[in-house]
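Please read them with the structure open.

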Amino acid sequence: MNAQDNTVPCCAGQWASLRRATSERQLVSITVETTSVTSFADLNLPEPLLVALREAGIDAPFPIQSATLPDALAGRDVLGRAQTGSGKTLAFGLALLGRLGGGKARPKRPRALVLVPTRELAMQVADSLTPLAKSLGLWCRTAVGGMAFSRQAEVLARGVDLLIATPGRLSDHVRQGTCVLSDAQFVALDEADQMADMGFLPQVREILDLTPQGGQRLLFSATLDGDVKKLVDAYLTDPVEHSVAPVTASVDTMDHYVLQVSHQDKQAIVTEIGAREGRTIMFVRTKHHVDRLTERLRARGVHAGALHGGKTQGQRNRVLADFKEGHTPVLVATDVAARGIHVDDVSLVLHVDPAADHKDYLHRAGRTARAGASGTVVTLITHDQRRMVRRMTDRAGVRAESAVVRPGDAELARITGAREPSGEPVVERRREPSPRRSGGPRGEWQGGRSRGFGGPRQSRDGFRPRRTGHGPARRKHD
């Protein structure tokens with residue numbers, strides 16, 4: 001092993017950490033003995049958590065969980081890097097819950113905090129962790145834009161042990177005095193590189209400055225580069241880094257293709273790909289393009305839904321629910337869906353517009369081939385985009401097959417499953433009115449879901465709690 005390498009790949013059920021002594025507040029490496037971890041029971045988690053995991057059908061830890069949980073449960077600051085769909089949510093979530101057991105939250109003062117970049121990711125993290133928190137008698141809630149501020153404030157006032165929040169809405173609560181972070185001894189950042197790179201950094205720093213200086217910090221992402229080091233240097237003490245996958249695309253479970261098309265053929269090719277069997281996510285760069293492409297697909301008989309940050313939270317939830325339940329097999333999205341959105345059996349990711357850089361490519365591609373499944377990733381390019389995309393795929397560690405295709409080509413059908421669309425415009429699906437809820441105060445967890453703080457129906461890491469209802473009316477703004 002390279003002596004300069006401070007990360008080590010892990011196999012399922014095993015973890016290892018190679019550490020190297022450096023100055024304070026930099027990554028630390030100390031060689032430790034490889035330990036076999038084949039079950040959550042080996043990690044000394046509280047018994048109620050073990051029972052809840054077994055009831056959910058989660059029996060063995062994923063590699064990132066085996067690698068990071070011993071250090072995180074021991075109170076170490078941890079950097080965790082693993083591919084999307086590899087179980088990072090439970091890696092930091094079980095660590096936080098394991099350390100929170102036995103305590104009680106004071107009004108407006110959460111004891112632990114998970115920061116995430118998007119509303120959808122917050123909901124999915126909550127879906128995974130709230131039933132586990134309930135097993136320990138802990139309250140887990142969300143604070144995100146697009147939902148009623150006053151209702152979130154009411155729940156915070158009753159006391160929250162674990163708060164999952166987006167930086168913007170949490171900053172609003174802090175400014176309004178409805179949330180105080182002085183008791184937040186444990187903080188996790190999910191998608192840490194995005195939190196550091198995409199305009200969140202000032203708010204994230206302001207939030208971390210309000211938490212106890214000696215508290216525990218857990219940073220997780222598929223990539224840990226860019227301005228993440230600023231957060232590490234400023235807020236982590238002697239952190240240990242665990243990496244269970246290289247910062248490249250999977251070569252075992254993904255097939256990558258770059259298909260060159262002409263400008264005049266591109267829409268027809270996208271439509272034929274949209275008419276394929278199976279779940280497909282199409283990525284484009286702008287909100288306007290999402291809406292325009294979705295309308296064109298639906299006009300040709302492709303059941304497609306649009307997802308972007310300009311939609312209300314209610315609209316976004318309905319689009320995701322339709323996609324997950326199979327009513328809408330094609331999801332057209334901006335990069336808001338590239339991180340955190342987990343849907344089983346997405347067999348094709350289509351870059352209608354090439355990704356802006358190799359990291360965006362990897363995160364988009366990570367919507368397929370999750371947790372060991374297989375999938376196909378296709379990038380459509382025009383002649384003038386060839387060099388740019390080749391440089392990007394090289395940086396992503398991708399060896400993509402290339403082809404020039406036209407509508408109706410056999411090669412296009414072989415790679416993507418493309419076929420001729422029906423041509424009959426899609427009629428908007430009629431929705432049944434939401435049933436009225438009964439029993440329990442506002443914000444109370446019912447059947448695995450917090451009333452008033454719900455989210456998409458399916459979570460990451462395979463945890464799918466049973467829920468009732470569809471959540472409250474949402475505000476239009478984030």
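This is a predicted model: local features need pLDDT of at least 70, side-chain atom pairs count only at pLDDT 80 or more; totals for chains, interfaces and linings use all residues.

1. Local features are given only where pLDDT is at least 70. Side-chain atom pairs need pLDDT 80 or more.

2. Salt bridges overall. How many salt bridges does the structure hold? There are 15. Side chains of opposite charge can pair when their charged atoms come close.

3. Arg406 and Asp265. Their side chains form a salt bridge at 3.0 Å, N to O. Arg406 sits in the loop between strand 16 (401–404) and helix 15 (410–416). Asp265 sits in the loop between strand 10 (254–260) and helix 10 (266–274). The two parts are 141 residues apart in sequence, so this pair ties them together. Asp265 has 11% and counts as buried, because the limit is under 20%.

4. Lys266 and Asp353. Here the salt bridge spans 3.8 Å, N to O. Lys266 belongs to helix 10. Asp353 lies in the loop between strand 14 (346–351) and helix 13 (358–365). The pair therefore ties together parts that are 87 residues apart in sequence. Both residues are buried. As for the network, salt bridges with shared partners join Arg169, Asp172 and Arg175.

5. Arg54 and Glu47. This salt bridge is 3.3 Å, N to O. Glu47 is partly exposed, at 46% relative accessibility.

6. Positive patch. Which residues gather in a patch of positive charge on the surface? They are Arg386, Arg387, Arg390 and Arg391. Arg390 is placed in helix 14 (residues 386–395). Its relative accessible area is 48%, so Arg390 is partly exposed. A patch member must have over 30% relative accessible area and no salt bridge, so Arg390 clears the area cut-off.

7. Strand 15. Which strands pair with strand 15? Strand 10 pairs with it in the parallel sense over 7 bridges. Met254 stands opposite Gly375 there. Strand 14 also runs parallel to strand 15, joined by 4 bridges. Leu348 has Thr376 of strand 15 as its bridge partner.

8. Pro117. This residue lies in the loop between strand 4 (112–115) and helix 4 (119–135). Pro117 is buried, with a relative accessible area of 9%. Pro117 and Leu189 are 72 residues apart in sequence, but 9.0 Å apart in space, C-alpha to C-alpha.

9. Positive phi. Most residues other than glycine have a negative phi. Asn44 has a positive phi of about 60° and is not a glycine. Asn44 is found in the loop between strand 2 (35–36) and helix 1 (47–55). At 69% relative accessibility, Asn44 is exposed. Lys108 also has a positive phi, near 70°. Lys108 is placed in the loop between helix 3 (88–100) and strand 4. At 36% relative accessibility, Lys108 is partly exposed.

Definitions and conventions:
Residues are numbered from 1 along each chain as its sequence is written. Side-chain values use heavy atoms; hydrogens and water are left out. A salt bridge is a side-chain nitrogen of Lys or Arg within 4 Å of a carboxyl oxygen of Asp or Glu. Buried means under 20% relative accessible area, exposed over 50%, partly exposed in between (1.4 Å probe, protein chains only). Patches are made of residues with over 30% relative accessible area and no salt bridge: like charges are joined within 9 Å, nonpolar side chains (Val, Leu, Ile, Met, Phe, Trp, Tyr) within 5 Å. Accessible areas come from the Shrake-Rupley method with a 1.4 Å probe; for residues, only the protein chains shown count as cover. Lys and Arg count as positive and Asp and Glu as negative; His and the chain ends are not counted. The place of a charge is taken as NZ of Lys, CZ of Arg, CG of Asp or CD of Glu. Two strands pair if DSSP finds at least two bridges between them.
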